[in-house]
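Please take a moment with the sequence and the model shown below, and then follow the paragraphs that lead through them part by part.

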Amino acid sequence: MFSCGLPNRKMVWWGHTHPHIRSTENDLKPSMKYHTDARSECEPGSRGRILINLKHITKVRELEEAELAAYMNAEGTLVKTVSADQRFSLSDVDEIHRLFLGGIYAWAGSYRTVNISKGGFPFASAFAIPQAMKDFEREVLRVLTPCNRVDEDALAAQIAPVHAEFLLIHPYRGGNGRTARLLATLSAYQAGMPGIDFSFIKSRGKEFDGYAHAIHAALDADYRPMQAIIKRGLRLAQRLT
Ligand SMILES: Nc1ncnc2c1ncn2[C@@H]1O[C@H](COP(=O)(O)OP(=O)(O)OP(=O)(O)O)[C@@H](O)[C@H]1O
Ligand SMILES: [Mg+2]
């Protein structure tokens, strides 16, 4: 089973705040999806609901539509440009994030400088992100990509640690979930699979709680819950379940 040295450092990186770095709690309630605690980060006129964005969008629905279109565009481009034998690097991951959100947010492709938690769970402290990402590249991306397994279990075992470790770090100000799912989907394509259907994970409820739990389990290098989720998504994409 895959194992990496990151857990040893997680004691230091997770859940600790730094006196010079502001913290913010983001929640997934629809009305709060883009919520930020800091007024200085909000798009004027959005009543604190939306982060400053290059399109000056102030309505949640409009932002959701713009982000969805941007995601579809990025996926369409990446499907054509990522090769089956491509080993993903940190600059590839930044580029995926930039392709996705670069038309909407100035910070696309750059690491966040605020601490973030969701549902009370803190992701890596902002000060630790550059080092955490370097270790993620060396110990996870280089070892587990590209994906070339045909067997579903083996493929899910390869994709799950990448997905979960990336989400634990949560390197960007937003768009981490979709970037992680895009990377996982590209990995499945590399292995000749028709992608991963994540649509069973809604933004709340039992399935979402299971997804959040699978991320938390990675703190102890337990990737089995995430592996089961990825396997289910692989099977759904093949219309097998
Ligand atoms: N309570 C939680 N514990 C751990 N991880 C969480 C929790 N809530 C959400 N997450 C993770 O954070 C992601 C959301 O992070 P972020 O807002 O940066 O990404 P997004 O792409 O904008 O959002 P979404 O994934 O909701 O479309 C979720 O997809 C999930 O992976
Ligand atoms: Mg978000």
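Over which residues does the pLDDT stay under 50? The model is a predicted one, and the residues in question are 27-31, for which there are 8 contacts beyond four places in sequence. Across the protein chain the average pLDDT is 90, and 85% of the residues score at least 70. Among the elements, helix H1 (residues 6-13) has the lowest mean pLDDT, 60, whereas H3 has the highest, 98.

With the confidence in mind, we can turn to the overall plan. The protein chain has 8 helices and 3 strands, and, when read along the sequence, these elements follow the pattern α-β-α-α-β-β-α-α-α-α-α. Of the 241 residues in the protein chain, 37% are buried. If we consider the contacts with a separation of 6 or more, 64% of them are accounted for by residues 24 or more positions apart.

If we leave aside the neighbours within four places in sequence, Ile 159 is in contact with Cys 147, Ala 184, Ser 187, Ala 188 and Ile 230.

The buried residues of H8 are Met 226, Gln 227, Ile 229, Ile 230, Arg 232, Gly 233 and Leu 234. An α-helix has 3.6 residues a turn, so residues three or four places apart point the same way. The buried residues of H8 pack against helix H5 (152-169), helix H6 (176-190) and helix H7 (206-217). Just after H8, Arg 239 takes a positive phi of about 60 degrees.

What surrounds ligand 1? The shell holds 13 residues, and the closest of them are Lys 118, Gly 119, Asn 176, Gly 177 and Arg 178. H6 and H7 each supply at least two residues of this shell, and the largest share, 3 residues, comes from H6. Sorted by class, the shell has 5 nonpolar, 6 polar and 2 charged residues.

Gly 175 is found in the loop between H5 and H6. This residue counts as buried because 20 other C-beta atoms lie within 10 Å. Gly 175 and Ala 108 are 67 residues apart in sequence, yet their C-alpha atoms are 8.8 Å apart in space.

Another loop, the one between strand E1 (23-26) and helix H2 (60-81), contains Glu 43, and His 56 lies in the loop between E1 and H2 as well. Is Glu 43 buried or exposed? Glu 43 has 20 C-beta neighbours inside 10 Å and therefore counts as buried, whereas His 56 counts as exposed because it has 11 such neighbours. The two residues are 13 residues apart along the chain, and their C-alpha atoms are separated by 6.7 Å. If residues up to four places away in sequence are not counted, Glu 43 touches Ile 50, Leu 51, Ile 52, Asn 53, His 56, Ile 57 and Thr 58. The phi of His 56 is near 55 degrees, a positive value in a residue other than glycine.

In the loop between H7 and H8 we find Ala 221, which has a positive phi of about 60 degrees although it is not a glycine. Because Ala 221 has 18 C-beta neighbours inside 10 Å, it counts as partly exposed. The loop between H4 and H5 holds Pro 146, and the peptide bond that joins Thr 145 and Pro 146 is cis, with an omega of about 0 degrees.

Key: Residues numbered from 1 in each chain as written. Chains lettered and ligands numbered in written order. Predicted model: local features only at pLDDT ≥ 70, side-chain atom pairs only at ≥ 80, totals over all residues. Helix = DSSP H or I, 4+ residues; strand = E, 2+ residues; numbered from the N terminus. Buried ≥ 20, exposed ≤ 12 C-beta atoms within 10 Å, placed from the backbone. Contact = placed C-beta atoms within 7 Å. Near = placed C-beta within 6 Å. Nonpolar A, V, L, I, M, F, W, Y, C, P; charged D, E, K, R; others polar. pLDDT = per-residue confidence, 0-100.
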